[in-house]
Amino acid sequence: MRYQFASDNTAGICPEAWEALAQANGGFAASYGDDPWTTRAADKLREVFEMNCDVYFVFNGTAANSLALASLCQSYHSVVCHEAAHIETDECGAPEFFSNGTKILPTVGENGKLDPKAVEDMIIRRSDIHYPKPKVISLTQSTELGTVYSPDEIREIWRVARKYGLKLHMDGARFANAVASLGVSPRELSWEAGVDVLCLGGTKNGAGYSEAVVFFDRQLSQEFDYRCKQAGQLAAKMRFLSAPWAAMLENDLWLKYANQANQSAALLARKLATIPEVQILYPVQANAVFVRLPEHLLRALKRDDWACYEFIGGGLRLMCSWMTAVEDIDALHDCLKTAARLC
């Protein structure tokens, strides 16, 4: 099976992260995050965001999102998000589980982005004691449909949050791709635009198997270490989660790899657009290309063993990663082009 475009999770660990793991494996080190690699990685994130933020490393994005939201909510609260958001569609109720019942309130918006008016309508829909009180707005950057919020768009949502006393959470599994796409600083897409807590993705960007929970409002992170411990997210050998971060944050390597993935997606989209039967569904702004294909082209992909994820609205999601090669793009394009010509 050919997994090159099935997900950016199917790519391996980038060489620098792999080397960092090897170096961290040399000898003994303190447990549970009291090691120099974890300290260095957290300090590098503070440099990157130009903010004295609190940083925690966990094993995956579901834990990052769920524990972050649990720290912002009581069980009787609710979280407003896009109907396509990962916390609504792909986390098996984990946000509700870890918060002891906080309700997810999905709403709408074009191209995977929250519509501020729809968010406000959801917040004010009801205010009686019988309804879970909205406490957090959660947005995804880049979105589940591969689009990117600008700083101004984030600030517009933050204004709604501020108006009603809500906190702003960002699922940043592909935050690096958004930063690379817009060419802005990380601070402009996060705390400077109003984000209180960011779940920053490393897994999809070549780090391997860890995410960082970054609290820009440090008051919100009180006792978060206890949440991590209780949820099984306090790694005994934490250095193996944090060492890749320390390596990838050096010299903006994390953004270099994100940019490579974005450029691969742009190239893939340009090539696929030359096939009349291929419909590009959403703007290609990060590392995802969504297409709609007729049945005979879908069969051609399956015959050639391409693994692809059928996604929202019946489209096909093609993901590029830090290690996507031009040869892979050409091979996929040739498969579809040949099938289209034969029909």
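Biologist: Which residue is the bridge partner of Ser78 in β3?

Modeller: Lys103 is the bridge partner of Ser78. This is a predicted model, in which local features need pLDDT of at least 70, side-chain atom pairs count only at pLDDT 80 or more, and totals for chains, interfaces and linings use all residues. Residues are numbered from 1 along each chain as its sequence is written, and side-chain values use heavy atoms, leaving out hydrogens and water.

Biologist: How many bridges join β2 to β3?

Modeller: There are 5, and the two strands run parallel. Two strands pair if DSSP finds at least two bridges between them. Strands (E, at least two residues) and helices (H or I, at least four) are DSSP runs, numbered from the N terminus.

Biologist: Is β2 enclosed or open to the outside?

Modeller: β2 is largely enclosed by the rest of the structure, because 6 of its 6 residues are buried. Buried means under 20% relative accessible area, exposed over 50%, and partly exposed in between (1.4 Å probe, protein chains only).

Biologist: How do α6 and α7 pack?

Modeller: Start with the general idea. Two packed helices are described by the angle between their axes and the distance between the axes. Axes are lines fitted to C-alpha atoms, for helices over the stretch in contact, and angles run from 0 to 180 degrees between N-to-C directions. Here the angle is about 20°, and the axes lie 9 Å apart. α6 and α7 are therefore roughly parallel; that label covers angles under 35 degrees, with over 145 roughly antiparallel, 65 to 115 roughly perpendicular and the rest oblique.

Biologist: Which residues of α6 and α7 meet?

Modeller: Pro116, Val119, Glu120, Ile123 and Ile124 in α6 meet Glu156, Ile157, Val160, Lys163 and Tyr164 in α7. They divide into 7 nonpolar, no polar and 3 charged. Ala, Val, Leu, Ile, Met, Phe, Trp, Tyr, Cys and Pro count as nonpolar, Asp, Glu, Lys and Arg as charged, and the others, Gly among them, as polar.

Biologist: What should I look for in the backbone?

Modeller: Look for exceptions. Most residues other than glycine have a negative phi, and most peptide bonds are trans. Tyr32 has a positive phi of about 60°. Tyr32 sits in the loop between α1 (15-24) and α2 (36-49), and is partly exposed at 46% relative accessible area. Asn111 also has a positive phi, about 55°. Asn111 lies in the loop between β3 and α6 (116-124), and is partly exposed at 30%.

Biologist: Which peptide bond is cis?

Modeller: The one from Gln141 to Ser142, with omega near -10°. Ser142 is in the loop between β4 and α7 (151-164).

Methods. Contact = heavy atoms within 4.5 Å.
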